[in-house]
Amino acid sequence: MEHKENKPKEVSENIDENIRYVEGLFENCGDIVKRKFPVGINKDIWLYVMYIDDMTNRAIIEDRILETLMIEIKKTPPEEGEFNYNLFKELVDGGITTADLKESEDLDSACTEVLSGNTLLFIDGFSKCIIISTKGFPKRGVSEAETEVVVQGSKEAFAESFRINTVLIRRRIRDTKLKIEQIKVGRRSKTDVGIVYIDDIVRPEILEETKRRINEIDIDGILDSGYIEQFIEDDYLSPFPQIQLTERPDKAASALLEGRIVIIVDNTPFVLLVPAVLTSFYQSSEDYYQRWEIMSFVRIIRYIAGLLAVILPGLYIAIAVYHPSMIPTRLLFKIAESRGNVPIPAVFEVILMELAFETLREAGIRLPSAIGSTLGIVGGIIIGQAAVDAGLVSPIVVIIVSLTGLCSFSIPNIALVSGFRLMKYIVILFSAILGLFGFWIAMLLILIHLVNLKSFGIPFMFPFTSSENMSDLKDTFFRLPLFKMKKRPVFANSKQKIRLRTDKRKNSVRRK
Amino acid sequence: MFSSKNKISVRQLQILLILDIFGMGVTFLPKKMVEFGGQNGWICVIIGVIFACICAWISASLAEKFPDDDFVTYAGKIVSKPIAIIITAGFVLKIIFSLSMELRIFSEIVKQTILFNTPSYAISFCMLIVGAYGALKGYEIRGRIAEILIFVIFIPMFIIFGFIASGADYTNLMPFFDTNNTEILYGGIFSLFTFSGIEFILFAYPYLKNKKTAKKESVKAVVFVGIIMILITVITIAKLGPFDIKNQIWPVLELMNTVDLPGTFLERQDAVVMSFWIMSVFIIVNAGVYFSCLLTKHTIKKGKNIWYVVIISAIIFSISLIPGDISEIINITDKIYMSFGAIYIFAIPFLLLIIAKIRKLGDSFENTERKN
């Protein structure tokens, strides 16, 4: 904080004093390019430029700034009397042929601009400097989304560059109400963080809260949006995500139209969407691009899969160990037969296989995709089969564990799956100790935790809880036809609830 | 936890009432009603429901007069502070005792049906811990939990009772009206006391978002749960017959054992049914711990919430260990319901309302709103 409290160093009229100060700050910074040069017919006005090599667009600096200042400006002879009075303006207007520049009187903020890829220009005799936007660092272009792949819909994904990301959103919502507020977070990293929202749709109290939480972050460096997520989320102890991450611009745009806030962080292709409720994590952008019947079916599958991913191993233990009488006799014989040779108790068998599966998953992520699939085959099929043949585990447990894994992969959001993965072990633990009763105790504990969670004031289990009307349920277990979803969800300002004014039924054949 | 910033909606209040009342009474209502009215026991329940609606209306009318005050405060305004504290203490005792017995009954049933080798105190301890954890989170969270659990509890229950109803022998309900009218009336009054949970209306008002419709909606909730109770009693009598019911300790659970759901995969449905019942008991444990802590805190007005929850849960757990066997538990429960139940469901709200009216205390909600 001391940095912020110091009085800013002002630009001096004496160019050498300014140069001494900035060069002192940038001492031993090998990537800095600086030059002091005279301009004018008599070469008596001294200028000084400073920028960081390769973080800037050199063509702009050389063609638009240096060339005009050093050569072109000589062609405009000064008119006696007025020249000195307007020198600064003359240089700015006649010497720099680019629109994006600003004046500054604060040397420290000017240095921050240099660090962001802009060019600093001092003019002797004036107590202000010019910052010319020359950002142009090497960056990855727009590539395909890797973590949220869809069959139908845009293939674009956010990139690491802040500006590319804002463009990807702006291209989708061409509305002057779309606001992008930029702030710098991180005492040393001074990372650009953009708070993007649609002015009249966003709920003002959520926007204020988001800004407050981001402004309160006082850390040396922000390296990824994950940092911001962890600093601004409501409950840090929860294994469930309360903020949604996405790398898809169409998802971010759709969130904005729902009244949510998008937080873009420089140097990461993942943007944050706040607030986020449980149902947001089950939604994929593709859901809205395809026919509603199939997507509703897929939604139900996802919800069931999500539930199974948490309960299946625990339920198996509860029933197989404590209440085998619940299982139909023939199936019970099958299970008993397959478990006959297994030397370890069912509980440890399940935990062992689950942990093996987790290891396999972790190994698969770190490996290149080509080897990753081989690993899947080796780990899943060969080791699994060998373990069953050797009588170390029973086939039913292999089926249960693989099914649990499969279910967890069908949820479109990795962060939610991570939460479920941990919860699964709590259910296993309770079921192992108290059977079906323990299973329900664990489910109740998870339920209490989930209903207690909030994301920026919105209950995490909304609209299953706290909802005042049924229309909030239209986009949950089912994805009703788009024309049925006339209202924006709970995130939006209550004055801007209506999102759709078309009545599809007017031109429906069913009506005629 | 006890902050009135945690607002609940009228819908949440309704659902909480339904689950609280249902969970308390359902296990032994049919047996008791048959003891009073034989095959006509269901008529007792109808009378009980009518009484229950009146009690709910009285409680809501009383609470409505002091929409922003907690129970201890408004009772203090009506009958002076010391008497209010005595009434509240009685309330807390009633909740603690009946909850302890419920908890013990629950653990005994779980032990009998699904966990044969686990000691019953371990079962009640776990249930109490979860209930207390939920209570610690506050009224709003209780409302949200109930909003989800109502589906988990009632949908499977409707399906199961639907099947039982279709296979029941309704001649068991015959002959109609041959039972002594006084017996039926006594049965009705007793069944009212199993509608324990109605008195929670007295404490809910400061936490309500929309107090205007609360009275009407609370009565509606009581009617809803009353209809379910009537149906369950009718179905139980029809399926098992009045004589069988008298001989069984938990006829409703026995009923579950007779279910044979067509096309189901599972061998034993009672274990599944038990699962939904666990949820239902969770809600009442949660309500009991919450309200006893709430009332104590409002009386003492000091200390951290967690201490109230820990101490009261420990008391409830200790009391639940006292009775030796099931018949003793049932005896104690009967006594609690007949004595405390009568006083707190009907007598106290009624007297407080009359005194408030005579002393012209409190303001109906509409008037308060008009002034604002």
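**A walk through chains A and B**

Gly384(A) is found in helix α15 of chain A, which covers residues 369–389; helices here are DSSP runs of H or I with at least four residues, and strands are runs of E with at least two, numbered from the N terminus. The model is predicted, so local features need pLDDT of at least 70 and side-chain atom pairs count only at pLDDT 80 or more, while totals for chains, interfaces and linings use all residues. Residues are numbered from 1 along each chain as its sequence is written, and chains are lettered from A and ligands numbered from 1 in the order in which they are written.

Gly384(A) counts as buried because it has 22 C-beta neighbours inside 10 Å. A residue is buried if 20 or more other C-beta atoms, placed from the backbone, lie within 10 Å of its own, exposed if 12 or fewer, and partly exposed in between. Ile399(A) is 15 residues from Gly384(A) in sequence, and their C-alpha atoms are 9.9 Å apart.

An automatic or database domain assignment divides chain A into domain 1 (2–132), domain 2 (162–276) and domain 3 (292–458). Between the C-alpha centres of domain 1 of chain A and domain 3 of chain A there are 63 Å.

Helix α6 of chain A (residues 107–115) has Leu107(A), Ala110(A), Glu113(A) and Val114(A) buried. These residues lie on the same side of α6(A), because they cover an arc of only 110° around the axis, taken from the directions from the helix axis to the C-beta atoms. In general, an α-helix has 3.6 residues a turn, so residues three or four places apart point the same way. The cover over the buried residues of α6(A) includes α2 (15–25), β2 (45–52), β3 (101–104), β4 (119–123) and β5 (129–132) of chain A. Just after α6(A), Gly117(A) has a positive phi of about 105°.

Leu256(A) belongs to helix α10 (residues 249–257) of chain A. With 24 C-beta neighbours inside 10 Å, Leu256(A) is also counted as buried. Setting aside neighbours within four places in sequence, Leu256(A) is in contact with Ile173(A), Leu178(A), Val196(A), Tyr197(A), Ile198(A) and Val262(A); contact requires C-beta atoms, placed from the backbone, to lie within 7 Å.

The contact between the chains takes 25 residues from chain B and 23 residues from chain A. On the side of chain B that touches chain A, the elements giving two or more residues are α6 (120–136), α7 (139–166) and α13 (269–300) of chain B.

Note on methods. Two residues are in contact if their C-beta atoms, placed from the backbone, lie within 7 Å.
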